[in-house]
Every structure is written in C-alpha cells, then in structure tokens.
Amino acid sequence: MSVVHKSATSLLAAAALVAALVGCASDGADNAGASDSSGGLSGEITVFAAASLKTTFTQLAGDFEAQHPGTTIVLSFAGSSDLGTQITAGAPADVFASADARNMAMLSSEGLVAGTPTDFATNTLEIVVPPSNPASISSLADMAKPGVKVVICAPQVPCGAATKTIEESAKTPLTPVSEESSVTDVLGKVTSGEADAGLVYVTDVLAAGTKVKGIPFPESGAAVNTYPIATIGNSKNKALANAFISAVTGSEGRKILSDSGFGTP
C-alpha cells in the first residue's frame, strides 16, 4: 500500500510540475507577444528638429507614442544652425532633423552622427503677408521697393541661406528691417503686423492658416531645401531613435509631411 501511495504522490507531483511549466510557457508567450507588439521599444529620446517641422513632428511624435506604449518623444524646435551648435556643445539630443544638408554635414564631419543621414523632405520659400496685404505685395520685386518693411531669416539659418540664393539668382536684393534666427520668428513678425512681408516656407504658410496670406513666386525654384534626419552618435537609446526615424521616413510619415506641404527628396 505504501508503494501505491508513493507512486500516486509521484504522479501528482509530476502533474503539478507539468502544469507549472505550461503556465510559465504561457506567460512567456504572452510576454513575448507584448514585446513584439511594441517592437521591444521603451524609454525616452529627445529630437532636435528645425522650426519648420513643428506641426508635422508634433503629430508624428504623438502617433508614435500611441503606437508604442512606454515610449516618450521629447521635441525641441529651433533654427537648424542653433540646434547644430547646441549638439556640438554637448546638448543631449538623440535625433537631429535639419532643414538643410549643410548643418547636418557639419555634425557628420565632427563624428557626431551615427550612420548616414536620410533625406526625408523638401521645402521651398513663399512670400507671406498679413491677410490685408497693406503694402500690396504680389511679387519678389515688390518686396524690394523702398518703404516696404521686409523680414527674412539670417544667412546662417537654412531659410536665410535659401533667401540669399534667391536674391542672387533673381538679382533682386532685399533690405530687411530685421533678420531672424528661425522661420517661425519671421512668421511671427508678419502675423503681429510688425512687417509688411517676409519669406518663409510653403509649409509655414499652410500651418498659419487664415492668420496670413501666402504668395507663391517663380524665383523660389532657385532654392529648394532638402531635409536630412539622423541619429546622434552618443544617443543612449539608439533603438528608439532609429525607430522614430523609420516612422518619419516611412509611408505614414511621408503622408503627414505631404499633407503639410513638404515635397519628397
């Protein structure tokens, strides 16, 4: 009898062990599924992006966080040259999205970029005026007329470099009342009524809606800005940084950028 009792006990113990192993395997499968669904991504990254990307990147970051619970995308917007200088000085950025190739090349030449930057969008300039257009601006030549209060980007900023290229190509020098460090600052001068006209990106005009009036001009074709994006070499979360870049350069990102007026590189 004692032998039978011992065998039964052994069988019960074995059954319990099998059940436990099955349970562990099931839990493991569930955990693996959760990991796969989020791509194994977690943590936080800081994205330094050109001021002209504010609307699109805010949407892209929100969508990305929703699709990948447990991730946080911190966005910092400014002129590309200012952002490049900050990164060179050691600012803790994980991703850099520039409004031109020059500032990205500067970081690459200093060994601050991981891998090869990816071009993901293009943009062109457009004349922007208050809705009432008080100076009756209709062309680039009108912006050069005496007495017209014009605001443009500083030459070291991508929108400023594009402006300079257009001025030289069209042989139409402008005399601005101020030069701003970002395209959003130019837009702000126009919307506040401090300027009669400015040169900003097509995308900024669209984003401003009824606050301004946009005036396309043929000379803008002389300067098309290409936007590159890259992971910063000392990023502490390269997996998340690379995943966000993939979202920006993927089909969903391209649609959001296109809807906002950006062209394809």
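1. Contacts first. Among contacts in the chain between residues at least 6 apart in sequence, 78% join residues at least 24 apart, where contact means heavy atoms within 4.5 Å. The chain has 265 residues, and 43% of them count as buried. Buried here stands for under 20% relative accessible area, exposed for over 50%, and partly exposed for what lies in between (1.4 Å probe, protein chains only).

2. Ground rules. This is a predicted model, so to speak of local features a pLDDT of at least 70 is needed and side-chain atom pairs count only at pLDDT 80 or more, while totals for chains, interfaces and linings use all residues. Residues are numbered from 1 along each chain as its sequence is written, and side-chain values use heavy atoms, with hydrogens and water left out.

3. Secondary structure. The chain holds 10 helices and 10 strands. Both are DSSP runs numbered from the N terminus: helices are H or I with at least four residues, strands are E with at least two.

4. Strand β6. Take residues 150-153: V150 and I152 point one way, V151 and C153 the other, and all are buried. In a regular strand the side chains alternate between the two faces of the sheet. β6 pairs in the parallel sense with β7 (residues 178-180) over 3 bridges, and 2 bridges join β6 to β8 (residues 197-201), again parallel. For pairing, DSSP has to find at least two bridges between the strands.

5. The crossover. From β6 the chain goes through helix α6 (residues 158-170) to β7, and this β-α-β crossover is right-handed. The handedness test: with the strands pointing away from the viewer, the path from the first strand over the helix to the second runs clockwise.

6. D196, worth a look. This residue sits in the loop between α7 (183-191) and β8. D196 is buried yet has no salt bridge, and K149, the nearest side chain of opposite charge, is 4.7 Å away. A salt bridge needs a side-chain nitrogen of Lys or Arg within 4 Å of a carboxyl oxygen of Asp or Glu. On charges, Lys and Arg count as positive and Asp and Glu as negative, with His and the chain ends not counted. What is D196 in contact with, leaving aside neighbours within four places in sequence? The list is V128, V129, P130, P134, A135, G147, V148 and K149.

7. Positive phi in one loop. N133 lies in the loop between β5 (125-129) and α5 (140-143), and S136 is also placed in the loop between β5 and α5. N133 has a positive phi of about 45° although it is not a glycine. Phi of S136 is near 55°, again positive in a residue other than glycine. Buried or exposed? N133 counts as buried because its relative accessibility is 11%, whereas S136, at 55%, counts as exposed.

8. Salt bridges. How many does a search of the whole structure find? The search finds 5 salt bridges. One of them joins D142 and K145, with the closest N and O atoms 3.0 Å apart. D142 is at 9% relative accessible area and therefore buried, while K145, at 47%, is partly exposed. E194 and K189 meet at 3.4 Å, N to O. E194 is partly exposed at 46% relative accessibility, and K189 is partly exposed with a relative accessible area of 23%. D259 bridges to K255 with the closest N and O atoms 2.8 Å apart. D259 and K255 both lie in helix α10 (residues 251-259), 4 residues apart, about one turn of the helix, and both residues are exposed.

9. N237. Finally, a residue in the loop between β10 (225-232) and α9 (238-249). N237 is buried, with a relative accessible area of 18%. Not counting residues up to four places away in sequence, N237 touches S42, G43, E44, I45 and D94. N237 and D94 are 143 residues apart along the chain, and their C-alpha atoms are separated by 7.4 Å. A polar atom of the N237 side chain lies 2.9 Å from the backbone oxygen of S42.

Definitions and conventions. Polar contact = N/O pair within 3.5 Å; in protein donor to acceptor, adjacent residues only side chain to side chain.
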